[in-house]
Amino acid sequence: MGAAQAVQHSRDTTLDLGSSNLKKVPCVYKSHPALTHLCLSHNRLRTLPNSLWKLESLEILDASCNHLTSLPAGVSRLWRLEKLLLGDNWLESIPHQLSQCDKLHTLNISGNTISDLPLCLESLTSLTSLAISHCSITLDLYPAAVAFLTNLTNLDICNNRCGELASSGWLNMKAPKEPTDGVWKPTQIDSPKETVRPELVSLPPAKGCLDMLLPTLMHLSVLDVGTNTLSVLPEMMSRLTNLTLIKAEDNQLESLPDLSGCSALHSMMLAHNQLTSVSNLRIPQATLIRLDLRKNRIAVAPTPVEIASILREGPNSQLRLSGNP
(Lines give C-alpha, C1' and ligand atoms only; values in the text may rest on other atoms or scores of the structure.)
Protein backbone atom coordinates (compact mmCIF):
# COMPACT_ATOMS: atom_id res chain seq x y z
CA MET A 1 0.00 0.00 0.00
CA GLY A 2 2.83 2.40 0.84
CA ALA A 3 4.46 1.88 -2.57
CA ALA A 4 1.14 2.42 -4.33
CA GLN A 5 0.62 5.67 -2.43
CA ALA A 6 4.12 6.83 -3.34
CA VAL A 7 3.41 6.24 -7.02
CA GLN A 8 0.12 8.12 -6.70
CA HIS A 9 1.83 11.05 -5.02
CA SER A 10 4.47 11.25 -7.69
CA ARG A 11 1.76 11.82 -10.29
CA ASP A 12 -0.09 14.58 -8.44
CA THR A 13 0.15 17.90 -10.24
CA THR A 14 -1.77 20.09 -7.79
CA LEU A 15 -1.06 20.64 -4.10
CA ASP A 16 -3.00 23.03 -1.88
CA LEU A 17 -1.28 23.88 1.40
CA GLY A 18 -3.11 27.16 1.82
CA SER A 19 -4.43 28.25 5.23
CA SER A 20 -2.42 25.53 6.98
CA ASN A 21 -0.70 27.77 9.56
CA LEU A 22 2.68 26.88 8.06
CA LYS A 23 5.84 28.64 9.16
CA LYS A 24 8.02 26.53 6.88
CA VAL A 25 7.34 24.92 3.51
CA PRO A 26 7.69 21.13 3.61
CA CYS A 27 9.93 19.47 1.03
CA VAL A 28 7.28 18.81 -1.60
CA TYR A 29 9.75 18.00 -4.34
CA LYS A 30 10.33 14.41 -3.15
CA SER A 31 6.64 13.58 -2.82
CA HIS A 32 5.32 15.68 -5.70
CA PRO A 33 8.08 16.15 -8.29
CA ALA A 34 5.59 16.73 -11.12
CA LEU A 35 3.70 19.61 -9.51
CA THR A 36 2.28 22.22 -11.86
CA HIS A 37 0.16 24.11 -9.30
CA LEU A 38 1.28 24.87 -5.73
CA CYS A 39 -0.78 26.96 -3.30
CA LEU A 40 0.96 28.26 -0.17
CA SER A 41 -1.30 31.23 0.49
CA HIS A 42 -2.58 32.41 3.88
CA ASN A 43 0.20 30.94 5.99
CA ARG A 44 2.97 32.48 8.10
CA LEU A 45 5.90 31.90 5.76
CA ARG A 46 8.84 34.29 5.95
CA THR A 47 10.87 32.66 3.19
CA LEU A 48 10.60 30.13 0.36
CA PRO A 49 13.00 27.15 0.47
CA ASN A 50 15.51 26.26 -2.25
CA SER A 51 13.76 22.91 -2.74
CA LEU A 52 10.89 24.73 -4.47
CA TRP A 53 13.11 25.68 -7.38
CA LYS A 54 13.51 21.98 -8.25
CA LEU A 55 9.86 21.90 -9.30
CA GLU A 56 10.67 22.61 -12.93
CA SER A 57 7.16 21.69 -14.09
CA LEU A 58 5.56 24.33 -11.87
CA GLU A 59 3.25 26.66 -13.77
CA ILE A 60 1.33 28.34 -10.94
CA LEU A 61 2.78 29.42 -7.59
CA ASP A 62 0.51 31.16 -5.08
CA ALA A 63 2.41 32.45 -2.05
CA SER A 64 0.12 35.39 -1.32
CA CYS A 65 -0.90 36.48 2.17
CA ASN A 66 2.23 35.41 4.03
CA HIS A 67 5.12 37.23 5.73
CA LEU A 68 7.64 36.94 2.91
CA THR A 69 10.37 39.58 3.03
CA SER A 70 12.17 38.53 -0.14
CA LEU A 71 11.78 36.43 -3.27
CA PRO A 72 14.88 34.24 -3.76
CA ALA A 73 16.78 34.46 -7.03
CA GLY A 74 16.16 30.73 -7.48
CA VAL A 75 12.72 31.57 -8.86
CA SER A 76 14.48 31.90 -12.23
CA ARG A 77 14.74 28.09 -12.36
CA LEU A 78 10.96 27.82 -12.68
CA TRP A 79 11.19 28.27 -16.42
CA ARG A 80 7.62 27.04 -17.03
CA LEU A 81 6.07 29.43 -14.51
CA GLU A 82 3.00 31.18 -15.93
CA LYS A 83 1.30 32.62 -12.85
CA LEU A 84 3.01 34.08 -9.77
CA LEU A 85 0.91 35.45 -6.91
CA LEU A 86 2.83 37.27 -4.19
CA GLY A 87 0.25 39.77 -2.98
CA ASP A 88 -0.02 40.84 0.65
CA ASN A 89 3.47 40.05 1.87
CA TRP A 90 6.37 42.18 3.16
CA LEU A 91 8.40 42.29 -0.04
CA GLU A 92 10.53 45.39 -0.59
CA SER A 93 11.90 44.39 -4.00
CA ILE A 94 11.72 41.79 -6.75
CA PRO A 95 14.94 40.04 -7.90
CA HIS A 96 16.10 40.79 -11.43
CA GLN A 97 16.34 37.02 -12.03
CA LEU A 98 12.56 36.93 -12.36
CA SER A 99 13.11 38.27 -15.87
CA GLN A 100 14.17 34.75 -16.89
CA CYS A 101 10.64 33.45 -16.31
CA ASP A 102 9.66 34.47 -19.81
CA LYS A 103 6.44 32.39 -19.88
CA LEU A 104 4.94 34.38 -17.01
CA HIS A 105 1.57 35.85 -18.00
CA THR A 106 0.16 36.82 -14.57
CA LEU A 107 2.06 38.63 -11.83
CA ASN A 108 0.51 39.99 -8.64
CA ILE A 109 2.80 41.83 -6.22
CA SER A 110 0.10 44.03 -4.70
CA GLY A 111 0.03 44.82 -1.01
CA ASN A 112 3.78 44.84 -0.43
CA THR A 113 6.24 47.59 0.56
CA ILE A 114 7.74 47.90 -2.91
CA SER A 115 8.57 51.54 -3.69
CA ASP A 116 10.12 51.21 -7.17
CA LEU A 117 8.68 49.20 -10.00
CA PRO A 118 11.22 46.44 -10.72
CA LEU A 119 12.99 47.00 -14.03
CA CYS A 120 13.15 43.24 -14.59
CA LEU A 121 9.49 43.50 -15.64
CA GLU A 122 10.48 44.91 -19.02
CA SER A 123 11.73 41.46 -20.07
CA LEU A 124 8.48 39.71 -19.13
CA THR A 125 6.86 40.39 -22.47
CA SER A 126 4.34 37.54 -22.09
CA LEU A 127 2.60 39.29 -19.19
CA THR A 128 -1.10 39.87 -19.75
CA SER A 129 -2.03 40.78 -16.16
CA LEU A 130 0.05 42.93 -13.80
CA ALA A 131 -1.19 43.95 -10.34
CA ILE A 132 0.95 46.30 -8.26
CA SER A 133 -1.69 48.00 -6.16
CA HIS A 134 -1.44 48.99 -2.48
CA CYS A 135 2.32 49.53 -2.60
CA SER A 136 4.26 52.80 -2.32
CA ILE A 137 5.16 53.18 -5.98
CA THR A 138 5.52 56.48 -7.80
CA LEU A 139 5.45 56.79 -11.57
CA ASP A 140 9.13 57.60 -12.09
CA LEU A 141 10.03 54.17 -13.48
CA TYR A 142 6.72 53.07 -14.95
CA PRO A 143 7.60 53.57 -18.63
CA ALA A 144 10.95 51.84 -18.25
CA ALA A 145 9.39 48.73 -16.78
CA VAL A 146 5.99 48.61 -18.48
CA ALA A 147 6.40 50.02 -21.97
CA PHE A 148 7.57 46.70 -23.39
CA LEU A 149 4.68 44.71 -21.92
CA THR A 150 2.71 45.00 -25.13
CA ASN A 151 0.47 42.00 -24.34
CA LEU A 152 -0.96 43.49 -21.15
CA THR A 153 -4.74 43.35 -20.92
CA ASN A 154 -5.07 44.15 -17.20
CA LEU A 155 -3.01 46.78 -15.36
CA ASP A 156 -3.77 47.55 -11.71
CA ILE A 157 -1.77 50.37 -10.08
CA CYS A 158 -4.40 51.59 -7.63
CA ASN A 159 -3.63 52.71 -4.08
CA ASN A 160 -0.10 53.94 -4.69
CA ARG A 161 1.53 57.37 -4.66
CA CYS A 162 0.90 58.26 -8.27
CA GLY A 163 0.42 62.00 -8.50
CA GLU A 164 0.66 62.70 -12.22
CA LEU A 165 0.50 60.41 -15.20
CA ALA A 166 2.15 63.29 -17.03
CA SER A 167 5.21 63.53 -14.82
CA SER A 168 7.94 65.89 -15.97
CA GLY A 169 10.48 63.19 -15.25
CA TRP A 170 9.06 61.18 -18.11
CA LEU A 171 9.32 64.08 -20.49
CA ASN A 172 13.08 64.21 -20.00
CA MET A 173 13.71 60.69 -21.24
CA LYS A 174 16.31 60.45 -23.97
CA ALA A 175 15.18 58.48 -26.98
CA PRO A 176 17.70 55.95 -28.27
CA LYS A 177 18.68 55.59 -31.88
CA GLU A 178 16.09 53.76 -33.90
CA PRO A 179 16.99 50.05 -34.25
CA THR A 180 17.93 48.85 -37.70
CA ASP A 181 15.47 45.95 -37.54
CA GLY A 182 12.62 48.21 -36.45
CA VAL A 183 12.12 46.34 -33.16
CA TRP A 184 12.55 48.01 -29.81
CA LYS A 185 14.26 45.77 -27.27
CA PRO A 186 14.39 45.95 -23.46
CA THR A 187 17.47 47.28 -21.77
CA GLN A 188 19.85 44.56 -20.62
CA ILE A 189 20.96 44.84 -17.00
CA ASP A 190 24.30 43.11 -16.56
CA SER A 191 24.49 43.33 -12.80
CA PRO A 192 21.71 42.93 -10.21
CA LYS A 193 23.22 45.91 -8.39
CA GLU A 194 23.27 48.12 -11.44
CA THR A 195 20.92 51.08 -11.30
CA VAL A 196 19.27 52.21 -14.52
CA ARG A 197 17.92 55.76 -14.49
CA PRO A 198 14.68 56.38 -16.37
CA GLU A 199 16.30 58.75 -18.84
CA LEU A 200 18.79 56.05 -19.87
CA VAL A 201 16.29 53.28 -20.52
CA SER A 202 15.82 52.30 -24.15
CA LEU A 203 12.37 53.50 -25.06
CA PRO A 204 10.98 54.39 -28.48
CA PRO A 205 10.76 58.11 -29.29
CA ALA A 206 7.52 59.62 -28.06
CA LYS A 207 6.08 62.72 -26.45
CA GLY A 208 6.61 61.66 -22.87
CA CYS A 209 4.52 60.76 -19.82
CA LEU A 210 1.82 58.09 -20.04
CA ASP A 211 1.29 59.40 -23.57
CA MET A 212 4.58 57.58 -24.16
CA LEU A 213 3.46 54.41 -22.45
CA LEU A 214 -0.14 53.86 -23.52
CA PRO A 215 0.45 53.52 -27.28
CA THR A 216 2.45 50.37 -26.56
CA LEU A 217 -0.39 48.82 -24.52
CA MET A 218 -2.88 48.46 -27.32
CA HIS A 219 -4.38 45.25 -25.88
CA LEU A 220 -5.20 46.86 -22.53
CA SER A 221 -8.75 46.04 -21.45
CA VAL A 222 -8.84 46.99 -17.75
CA LEU A 223 -6.99 49.97 -16.25
CA ASP A 224 -7.21 50.61 -12.51
CA VAL A 225 -5.56 53.82 -11.27
CA GLY A 226 -7.95 54.37 -8.36
CA THR A 227 -6.98 55.91 -5.02
CA ASN A 228 -3.97 57.91 -6.11
CA THR A 229 -3.64 61.69 -6.41
CA LEU A 230 -4.18 62.10 -10.14
CA SER A 231 -5.50 65.41 -11.44
CA VAL A 232 -5.48 64.46 -15.15
CA LEU A 233 -5.59 61.41 -17.38
CA PRO A 234 -3.61 61.44 -20.64
CA GLU A 235 -5.20 62.26 -23.97
CA MET A 236 -3.58 59.20 -25.52
CA MET A 237 -6.12 56.97 -23.74
CA SER A 238 -8.41 57.44 -26.72
CA ARG A 239 -6.14 55.11 -28.69
CA LEU A 240 -6.95 52.17 -26.43
CA THR A 241 -9.65 50.63 -28.56
CA ASN A 242 -9.80 47.45 -26.46
CA LEU A 243 -10.32 49.29 -23.16
CA THR A 244 -13.53 48.13 -21.46
CA LEU A 245 -13.13 49.36 -17.87
CA ILE A 246 -11.53 52.48 -16.36
CA LYS A 247 -11.30 52.65 -12.59
CA ALA A 248 -10.11 56.06 -11.43
CA GLU A 249 -12.09 56.69 -8.29
CA ASP A 250 -10.61 58.53 -5.29
CA ASN A 251 -8.35 60.89 -7.22
CA GLN A 252 -8.40 64.64 -7.94
CA LEU A 253 -9.63 64.59 -11.52
CA GLU A 254 -11.19 67.86 -12.65
CA SER A 255 -11.76 66.82 -16.26
CA LEU A 256 -11.47 63.81 -18.52
CA PRO A 257 -9.64 63.38 -21.83
CA ASP A 258 -11.34 62.64 -25.12
CA LEU A 259 -12.27 58.94 -24.89
CA SER A 260 -14.31 58.81 -28.09
CA GLY A 261 -11.87 56.33 -29.61
CA CYS A 262 -12.40 53.78 -26.82
CA SER A 263 -15.06 51.91 -28.76
CA ALA A 264 -15.18 48.91 -26.37
CA LEU A 265 -15.58 51.00 -23.20
CA HIS A 266 -18.55 49.92 -21.08
CA SER A 267 -17.73 50.97 -17.49
CA MET A 268 -16.16 54.02 -15.83
CA MET A 269 -15.68 54.25 -12.07
CA LEU A 270 -15.04 57.95 -11.29
CA ALA A 271 -16.47 58.48 -7.80
CA HIS A 272 -14.72 60.81 -5.33
CA ASN A 273 -13.10 63.22 -7.80
CA GLN A 274 -13.53 66.91 -8.68
CA LEU A 275 -15.56 66.60 -11.89
CA THR A 276 -18.11 69.37 -12.41
CA SER A 277 -20.15 68.33 -15.46
CA VAL A 278 -21.53 65.39 -17.38
CA SER A 279 -22.24 67.34 -20.56
CA ASN A 280 -18.58 67.57 -21.59
CA LEU A 281 -17.88 63.83 -21.47
CA ARG A 282 -16.38 62.73 -24.79
CA ILE A 283 -17.03 59.01 -24.98
CA PRO A 284 -18.38 56.63 -27.67
CA GLN A 285 -22.05 57.23 -28.33
CA ALA A 286 -24.30 55.29 -25.93
CA THR A 287 -21.80 52.53 -25.11
CA LEU A 288 -21.54 52.72 -21.32
CA ILE A 289 -23.36 50.29 -19.07
CA ARG A 290 -22.00 51.73 -15.81
CA LEU A 291 -20.94 55.29 -15.01
CA ASP A 292 -20.20 56.08 -11.38
CA LEU A 293 -19.88 59.81 -10.68
CA ARG A 294 -20.77 59.85 -6.99
CA LYS A 295 -19.26 62.50 -4.72
CA ASN A 296 -17.89 64.82 -7.36
CA ARG A 297 -18.76 68.50 -7.81
CA ILE A 298 -21.54 68.15 -10.38
CA ALA A 299 -24.09 70.87 -9.62
CA VAL A 300 -26.46 70.34 -12.56
CA ALA A 301 -28.05 66.96 -13.11
CA PRO A 302 -27.75 65.61 -16.69
CA THR A 303 -30.79 65.84 -18.90
CA PRO A 304 -32.50 62.70 -20.27
CA VAL A 305 -31.00 63.50 -23.67
CA GLU A 306 -27.50 63.67 -22.18
CA ILE A 307 -28.05 60.41 -20.32
CA ALA A 308 -29.28 58.72 -23.50
CA SER A 309 -26.15 59.85 -25.33
CA ILE A 310 -23.93 58.28 -22.67
CA LEU A 311 -25.59 55.11 -21.44
CA ARG A 312 -26.50 52.07 -23.46
CA GLU A 313 -30.23 51.41 -23.36
CA GLY A 314 -31.07 48.41 -21.21
CA PRO A 315 -32.14 47.24 -17.75
CA ASN A 316 -28.57 46.89 -16.50
CA SER A 317 -27.44 50.41 -17.40
CA GLN A 318 -26.56 52.48 -14.35
CA LEU A 319 -25.66 56.12 -13.73
CA ARG A 320 -24.73 56.96 -10.12
CA LEU A 321 -24.73 60.62 -9.09
CA SER A 322 -25.40 60.64 -5.35
CA GLY A 323 -23.28 62.87 -3.13
CA ASN A 324 -22.98 65.72 -5.66
CA PRO A 325 -24.04 69.32 -4.86
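This is a predicted model: local features need pLDDT of at least 70, side-chain atom pairs count only at pLDDT 80 or more; totals for chains, interfaces and linings use all residues.
Start with the salt bridges. The count comes to two. One of them joins the side chains of Lys 247 and Asp 224, at 4.0 Å from N to O. This pair links distant parts of the chain. Lys 247 sits in strand β9, residues 245-247. Asp 224 sits in strand β8, residues 222-224. The two partners are 23 residues apart.

Now check how open each partner is. Asp 224 has a relative accessible area of 10%. Buried means under 20%, so Asp 224 is buried. Lys 247 has 27% relative accessibility, so Lys 247 counts as partly exposed.

Move on to the other salt bridge. Here the side chains of Asp 292 and Arg 294 meet, at 2.8 Å from N to O. Asp 292 is buried, because its relative accessible area is 6%. Arg 294 is partly exposed, with a relative accessible area of 25%.

Next, look at the backbone. His 134 has a phi near 55°, a positive value in a residue other than glycine. Where is His 134 found? His 134 lies in the loop between β6 (129-131) and α3 (142-146). Its relative accessible area is 44%, so His 134 is partly exposed.

Thr 227 also has a phi near 55°. Again the value is positive, and Thr 227 is not a glycine. Its place is in the loop between β8 and β9. At 30% relative accessibility, Thr 227 counts as partly exposed.

Definitions and conventions: Residues are numbered from 1 along each chain as its sequence is written. Side-chain values use heavy atoms; hydrogens and water are left out. Helices (H or I, at least four residues) and strands (E, at least two) are DSSP runs, numbered from the N terminus. Buried means under 20% relative accessible area, exposed over 50%, partly exposed in between (1.4 Å probe, protein chains only).
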